[in-house]
Amino acid sequence: MALVCAVTLTSCADAGKNAEEATKTVFAMDTVMELKAYGKNAERALSEAEQEIIRLDNMLSRGTAGSEIYKINELKNAEVSTEAVGIINAALSVSASTDGAFDITIAPIMDLWGFFTKDFRVPSDEEIAAALEKVDYRNVSAQDGRVSLRSGAQIDLGGIAKGYLSGRIMEIFKGCGVSSGIVSLGGNVHALGKKPDGSKWRVAIQNPDGGDFLGTLAVEDTAVITSGGYQRFFEQDGRVYHHIIDPATGYPAANGLKSVSVISGSSDIADGLSTALYVMGQDGAAEYWRSHGGFEAVLMTDDGRIFITKGLENIWESGFGYEVIE
Ligand code: AMP
Ligand code: MG
């Protein structure tokens, strides 16, 4: 990693251009990604960020033959980069602390519902029960450049990959001497430093019901990562089936939340947590925040109530009423 940054620094120092503001849109990981950087080297930082997006997409997508995740799922015991081991261990740590609400071995269930092929269908209870037998993050070991899977486990990093990616983009921006920038990777926003005028970034949280934003957060050097059933779903016979699965049931999580945003400087963990807290529901999410800390959160319930954790009180602005979790 140190070497990559050093190389990045040198190449950027040579860029020579004086772009004040640069923007770029990239489509990867099934997501429209908007990148913005300010200052000298901004253009160069964005093109290096784009290369990083492509690199991580190729590395982490389980559908790309030859990706590290593809290899792990095929071989069940594969030699991979230390970077892949690190990402998988970050995911496993979120699994352990959330008692499996976040679980990258959810892959066979994602497949059953058709989220992998986009050939959506509602599986039978029997199919779900059979696939659930293979879901347990404790069947994954990642160490010493090797990942192994037991008991039919297959992994899907969709719940954490973009969080890791935005963190890497921030490193690349910094390595290029860019101190102000922001990226939006679908529901994942990550801000570097402050805005060029010295004020904080204002990150809006989407309203799952449409219309006005739920509210905005004034942040610097922070990720704001949102999970919600409204982001990816299909409809059958008048019912909506979304992409965040409760590993306890194998069905789309239905624990009373419409949207969860996690606010933290560590975007990979925040990404895993946004998915996990969505699965846990309001009480479980509030309890997790109280006992673990290290992040803040905005929750919206199915019945339209908004909750923010105490640490956001001074940076949250909203036209809606809200309650504070203490
Ligand atoms: P996110 O948008 O970050 O909440 O992640 C949702 C994605 O993570 C889904 O599209 C799946 O690829 C994967 N996923 C779904 N349910 C879970 C879960 N309970 N734990 C871990 N990953 C999940
Ligand atoms: Mg997530």
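Predicted model: local features only at pLDDT ≥ 70, side-chain atom pairs only at ≥ 80, totals over all residues.
Author: Let's start with a definition: helices (H or I, at least four residues) and strands (E, at least two) are DSSP runs, numbered from the N terminus. Residues are numbered from 1 along each chain as its sequence is written, chains are lettered from A and ligands numbered from 1 in the order in which they are written, and side-chain values use heavy atoms, with hydrogens and water left out.

Reader: What is the phi of D221?

Author: D221 has a positive phi of about 45°, although it is not a glycine. K76 is another non-glycine with a positive phi, near 65°, and sits in the loop between α3 and β3 (77–79).

Reader: Is K76 buried, exposed or partly exposed?

Author: Buried means under 20% relative accessible area, exposed over 50%, and partly exposed in between (1.4 Å probe, protein chains only). K76 comes out at 37%, so it's partly exposed. D221, at 43%, is partly exposed too. N73, in helix α3 (residues 68–75), has 7% and is buried.

Reader: Okay, and which residues is N73 in contact with?

Author: Contact means heavy atoms within 4.5 Å. Skipping neighbours within four places in sequence, N73 touches R62, L149, Q154 and I155.

Reader: Now the metal. Which protein donors does the magnesium ion (ligand 2) have?

Author: Donors are N, O and S atoms within 2.8 Å of the metal (3.2 Å for Na, K and Ca); water is not among the atoms, so sites may look incomplete. Here they are G159 (O), D271 (O), D271 (OD) and T275 (OG1), 2.1 to 2.5 Å from the ion. G159 is in the loop between β5 (146–149) and α7 (161–175) and D271 is in helix α8 (residues 267–292), so the pair ties together parts 112 residues apart in sequence. Both G159 and D271 are buried.

Reader: At roughly what angle do the axes of α4 and α8 cross?

Author: Axes are lines fitted to C-alpha atoms, for helices over the stretch in contact, and angles run from 0 to 180 degrees between N-to-C directions. The axes of α4 (residues 82–97) and α8 come within 10 Å and cross at roughly 15°. Angles under 35 degrees count as roughly parallel, over 145 as roughly antiparallel, 65 to 115 as roughly perpendicular and the rest as oblique. That makes α4 roughly parallel to α8.
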